[in-house]
Amino acid sequence: MKIDGGCHCGYITYEGEADPAAASICHCADCQQLSGSAFRTAVPVKSDTFRIVTGEPTVYVKTADSGNKRQQAFCPRCGSPIFSAPPGDGPKTYMIRLGTVRQRDRFAPKLQIWARSRQQWLDNLSSTRALEKE
Ligand SMILES: [Zn+2]
Ligand SMILES: [Zn+2]
């Protein structure tokens, strides 16, 4: 389905096509640190449909233990993470950060990866005290 979205301050906007069944959660330590949260959610968008409509993301290149390099793109003004992608030109897949997708309510993740570093307290989330607002 067609998606669009952008960063919190509105500088970066994008559009593309994504399959709701392909949304996933990553529990790896890098995703926890780079997102500032317990895990990260993302959905793949192929480069032939992905287009930055406004703004220009800043790119941080992360080097994994394996030596693999990966671009982490974020808004230079508000810091919202936008996507990760392999470096270089040519056809590729962008992992769009689901929280920036306007249609995110329709993308319930179907897969969790790096579950071995999953925060244990997530198991109790449904029974953690919840307020409708702060
Ligand atoms: Zn922004
Ligand atoms: Zn990760």
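**Starting at D30**

I picked D30 and found it partly exposed, with 17 other C-beta atoms within 10 Å. My cut-offs: buried takes 20 or more other C-beta atoms within 10 Å of a residue's own, exposed takes 12 or fewer, partly exposed is in between, and C-beta atoms are placed from the backbone. D30 sits in helix 1, residues 29-35. For helices (H or I, at least four residues) and strands (E, at least two) I went by DSSP runs, numbered from the N terminus. I also checked D30 against K62: they are 32 residues apart in sequence and 9.1 Å apart in space, C-alpha to C-alpha.

**Ground rules**

This is a predicted model, so I kept local features to pLDDT of at least 70 and side-chain atom pairs to pLDDT 80 or more, while totals for chains, interfaces and linings use all residues. Residues are numbered from 1 along each chain as its sequence is written, and chains are lettered from A and ligands numbered from 1 in the order in which they are written.

**The whole chain**

I counted one helix and 10 strands. Read from the N terminus, the order is β-β-β-α-β-β-β-β-β-β-β. I put the C-alpha atoms in a box along the principal axes and got roughly 45 × 35 × 30 Å. Of the 134 residues, 28% are buried.

Next I traced an open sheet of seven strands, in the order 6-7-8-9-4-3-10, with mixed pairing. I call two strands paired if DSSP finds at least two bridges between them. Strand 6 (58-63) and strand 10 (111-113) are the edges, each pairing on one side only.

**Strand 8**

Is strand 8 buried or exposed? Five of its five residues (81-85) are buried, so the strand is largely enclosed by the rest of the structure.

I then looked at its partners. Strand 7 (residues 69-74) pairs with strand 8 in the antiparallel sense over four bridges, and A73 stands opposite F83 there. Six residues lie between the two strands of this hairpin, and G79 takes a positive phi near 85°.

Strand 9 (residues 93-97) also runs antiparallel to strand 8, joined by two bridges. Which residue of strand 9 stands opposite S84? I found M95. F83 has a bridge partner in strand 9 too, namely I96.
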